[in-house]
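Come along and follow the entries in order.

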Amino acid sequence: MTTRTWSPHSWRAKAIAQDVTYDDQPHLERVLGKLRRLPPLVSPVEIDRLRSQLADVATGKAFLLQGGDCAELFDDCSQDPIEHKLSLVLLMSLIILHGSRLPVVRIMRIAGQYAKPRSKPTEIVELDVSDANGQNVKEKKEVLSFRGDNVNGYEPDDRTPDPERLLGAYFHSTATLNYIRALLSSGFADLHKPLDWSFSHVRSPDLQQAFSTVIDSLQDSLNFMRVATGGTGGSARGGTETVDLYTSHEALLLEYEEALTRPYHQTKPQSFSQPPTRGGTPAISRSGSLVRGDTQSPVRPTRLATGPSGLDSSQKLDPTTTKFYNVSSHFVWIGDRTRQLDGAHVEYFRGIENPIGIKVGPTMKCDELVRILDVVDPDRIPGKVTVIGRYGASKVDEHLPGHIDAVKATDHVVVWQCDAMHGNTKSSQTDPTLKTRHFADIIQEITRSMEIHRQKGTILGGVHLELTGEVNEEGFSVTECIGGSMELADKDLSFNYRTHCDPRLNYEQSLDVAFLIADHLKA
Ligand code: PEP
Ligand code: MN
C-alpha cells in the first residue's frame, strides 16, 4: 500500500469525506493557482524542529499543550483576541512547566484553524422575516451548514461555498501568525514579566492565590538563573525571555493544503538519534527563514526550483531526496470524520514531512489504528504521529487500553494525547440549542487517560483543548462550558456564549485544567 507513488495531488484519486462542492470551478482553479505562488507561512526548519521536540514528548521528556478555538473566524484576526489566546496558552504552559518540571511544547489551534467537518451537510435555521402585515416573524429554512470561514459565511444567507474564502484563509492566517511572531520577538513571552499577561481579572480568589504562588516561585528561580548564568537568563525553550510556539489546524480542505505543500531537497537523511535541541533557537521568534542552498546545517532542506506555480506533475523529482512539507502550518491533524484508511485525507497525510495528528474516537478499531499508523508513518519516526484520543469521559476506559496495547505491539513511537473536549459535548438543559461541555467530564477524561497510561507503562504526552481567553466588553470570560472554579451553571451559559462552533473552556477554566495537569505530573 505504501509503495504507491505519492504526490501532493494523489489524494484526488480517492474517495473524500466532508468534501466541499464549488459551483464555479474556474474560479476555484484561479484561487488555487494564486495560492500555489504565495510564500510559505512556516519553514521546514521550524517543522523539523517541532517533530524532534515531539519525539521528546513521546518518550516523556516533555509535555505537549495544544489548544485554541474550535473554529477561528476571520473576525478573530484582531489584536485583542490574538493577545488573549497567546497569553492564555503561555500562562497554562508556565503552570504545567512549574508543576511538572518538564519542558512544554506549545502548539496552538491558530493561524489556519478555519475549516470544520459537520455531522450534517444542511441545517434548519430560524430567520427573521416580515409577514404580509409587515410584522416580524420567524421562518424556518434549510440551509447548507456553516463549514468554517474559509468555506462559507456564518450568516444563513451566506452559506454558498466561495473559493475566494481560501485566499481569505491564507491572508488571515498570515496576519495572525505575523502578529504572534512580532509579539514573541518583542518580549511578550518574557517570563520575567508574566504579570503583564493579565490574570488580574480572574474572579476566583483561590485561582488568583494559586497563580500568584506559581509566579512568585518562578520569579525566584529566574532570578537565581540570571545570577547563575551571568545575566543571560538561560535557555529559551522552557523559557525565559521568549518561547517556542507552533501553529496547527485540521487539514480538511485538501485543495488548500495541496497548494501549500512544497517540495524541498534533503541533502542528508534526517537523524533522530540526537537529542532534540534544548535552549536552542526558538521556533517562531528567532529562527531564520529557509535559505536556498544553505550548507550550514546538514539536515536543512533546500527549496527545489519548481517554478512559480509550485509542483507540476510533469516534473521529475528524485523521490529519494525530495521531501514535501505543508508550509501552511507546523502541525496538521486528520479529524475523526475523515480518517478512513482508503480515503483522500490519509492519502494526503502519508506524503508530508510535518508531524501529524490523528483523531481517534470510540469507533476506531485497534487493527485499523495500526494500519493507519503503518500508512502515515512507514519509517517509524518518533514523534511523527500524535494519536489524539477523544473518547469521552464515559468511554475512555473502554477504548484507550486496547488502542495502547495495539500500538505497543508495533514499533511506532507515537505521542499519546488526550482531547478531552470532543467526546464530551452535550446539549444545555436550559437551552437545548446550545452545545456545552462539563468541566468535570473534561477533568475525568484527562485523569483517566493518565492513569490508564501509567498502568500500561506508556505515557500520556499531552492534552488537546478547545479554549479561549476571550472576554466581553465588561471583561467577563465566555460562558460555554459548565463548572470549574468559577462554578458556572447551565443557566449561566447564555450570559456570554460566543462560539460559532464547539464550546470552549474559558480563561479561568483553562487555568484550572493547567493546575490539575501540573498536579498530576508532579505525582
Ligand atoms: C475538532 O477538533 O474541532 C474536531 C472536529 O474534532 P474531531 O475530529 O475529533 O471530531
Ligand atoms: Mn471542535
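**Entry: a lysine in a loop**
I looked up lysine 61 and found it in the loop between helix H2 (44–58) and strand E1. Helices (H or I, at least four residues) and strands (E, at least two) are DSSP runs, numbered from the N terminus. Is lysine 61 buried or partly exposed? I counted 16 other C-beta atoms within 10 Å, so lysine 61 is partly exposed. My cut-offs were these: a residue is buried with 20 or more other C-beta atoms within 10 Å of its own, exposed with 12 or fewer, and partly exposed in between, the C-beta atoms being placed from the backbone. Lysine 61 and arginine 101 lie 40 residues apart in sequence, and I read 9.8 Å between their C-alpha atoms.

Residues are numbered from 1 along each chain as its sequence is written, and chains are lettered from A and ligands numbered from 1 in the order in which they are written. Two residues are in contact if their C-beta atoms, placed from the backbone, lie within 7 Å. I reminded myself that where pLDDT is low, the predicted coordinates should not be read in detail. The model scores ipTM 0.99 and pTM 0.89.

**Entry: the whole chain**
I counted 11 helices and 16 strands in the protein chain. Buried residues make up 47% of its 523 residues. Of the contacts between residues at least 6 apart in sequence, 80% join residues at least 24 apart.

I found cysteine 70 in the loop between strand E1 (63–68) and helix H3 (79–100). Cysteine 70 is buried, with 23 C-beta neighbours inside 10 Å. Leaving aside neighbours within four places in sequence, cysteine 70 is in contact with Glu466, Thr499, Cys501, Asp502 and Arg504. Histidine 422 sits in the loop between strand E12 (415–419) and strand E13 (425–427), and histidine 422 is buried too, with 21 other C-beta atoms within 10 Å.

I found lysine 359 in strand E10, buried with 23 C-beta neighbours inside 10 Å. Among the residues it touches, not counting those up to four places away in sequence, are Asp336, Arg390 and Asp419. Arginine 390 lies in the loop between E11 and helix H9 (396–408), and arginine 390 is buried. The contacts of arginine 390, leaving aside neighbours within four places in sequence, include Lys359 and His422.

**Entry: strand E11**
I saw that five of the five residues of strand E11 (residues 385–389) are buried, so it is largely enclosed by the rest of the structure. On one side of E11 are Val385, Val387 and Gly389, and on the other Thr386 and Ile388. Strand E10 (residues 356–360) runs parallel to E11, joined by five bridges. The bridge partner of glycine 357 in E11 is threonine 386.

I traced an open sheet of three strands in the order E13-E14-E16, with mixed pairing; two strands pair if DSSP finds at least two bridges between them. E13 and strand E16 (481–482) stand at the edges, each with a single partner strand, so one side of each is left without a neighbour in the sheet. E13 and strand E14 (residues 435–438) run antiparallel, joined by three bridges.

Technical notes
This is a predicted model: local features need pLDDT of at least 70, side-chain atom pairs count only at pLDDT 80 or more; totals for chains, interfaces and linings use all residues.
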